[in-house]
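Here are a few exercises to work through with the model open beside you. Try each task before reading its solution.

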Amino acid sequence: MQTRDRVKLPHSVIVKSPGLLPMLYKVSELEEELEVPTRTIRNWVGMGLPGERDDQGHLWINGRQFADWVSQMSQARRKTRLGDDEAYCLKCRQVVKLANPVLQNGSGKQILYSGTCPDCGGKINRGGSIHG
C-alpha cells in the first residue's frame, strides 16, 4: 500500500492539476477533468488529499487545494534519494534493497551495480558515482 509520502500520480494529473479552478469539484467532475477513475481520487483522499463532505455526505474537493497537494506529492517523490543498497525494480515498480549486489566495471567516477530483486527475482542494474 502506498503511504502518504509515496503517492503514485499519473503524469497527466501532474500536468493538468495546476489548471483547476479555485472552486469545489465533485469527484465525478475531477474524474472527467483529469481522466482518473473516481476510486483513485477517493483513495487519494484516504492518503491525505484534502476534501470535505456536505450534509448529504457528498465529497467535494477544492481545485486549488488539489493542485497544491499534487505539487507537494510530486516534489516529495523527486527529493527521495535511493540508499547505497537500493535500486528501482522495473517489474515490481518500486524501490527495493538489492539482493546479491555485484559491482560491475565502471568508467571514470561512474560505477554500476547489478543484483536481483528480493521480491520478483528479476535482474536490476543501478548506476551511480564514486563519492570522493
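Rings of Phe, Tyr and Trp (its six-membered ring) pair if their centres lie within 6.5 Å; planes under 30 degrees apart count as stacked, over 60 as edge-to-face and the rest as tilted. The model is predicted, so local features need pLDDT of at least 70, side-chain atom pairs need 80 or more, and totals for chains, interfaces and linings use all residues. Residues are numbered from 1 along each chain as its sequence is written, and side-chain values use heavy atoms, leaving out hydrogens and water.

**Exercise 1.** Work out which residues form one aromatic cluster.

Solution. Start with the count: there are three aromatic pairs. Take tryptophan 44 and tryptophan 69: the ring centres are 6.0 Å apart and the planes at 45 degrees, so this pair is tilted. Tryptophan 44 sits in helix H3 and tryptophan 69 in helix H4 (residues 63-79), 25 residues apart, so to speak linking distant parts of the chain. Helices (H or I, at least four residues) and strands (E, at least two) are DSSP runs, numbered from the N terminus. Next, phenylalanine 66 and tryptophan 69 have centres 6.4 Å apart and planes at 45 degrees, so they're tilted too. Both lie in H4, three residues apart, about one turn of the helix. Put together, Trp44, Phe66 and Trp69 form the cluster.

**Exercise 2.** Decide whether tryptophan 44 is buried or exposed.

Solution. Buried means under 20% relative accessible area, exposed over 50%, partly exposed in between (1.4 Å probe, protein chains only). Tryptophan 44 comes in at 2%, so it counts as buried.

**Exercise 3.** Find the bridge partner of tyrosine 25 in S3.

Solution. Two strands pair if DSSP finds at least two bridges between them. Strand S1 (residues 24-26) and strand S3 (residues 59-62) have three, in the antiparallel sense. Tyrosine 25 is bridged to isoleucine 61.
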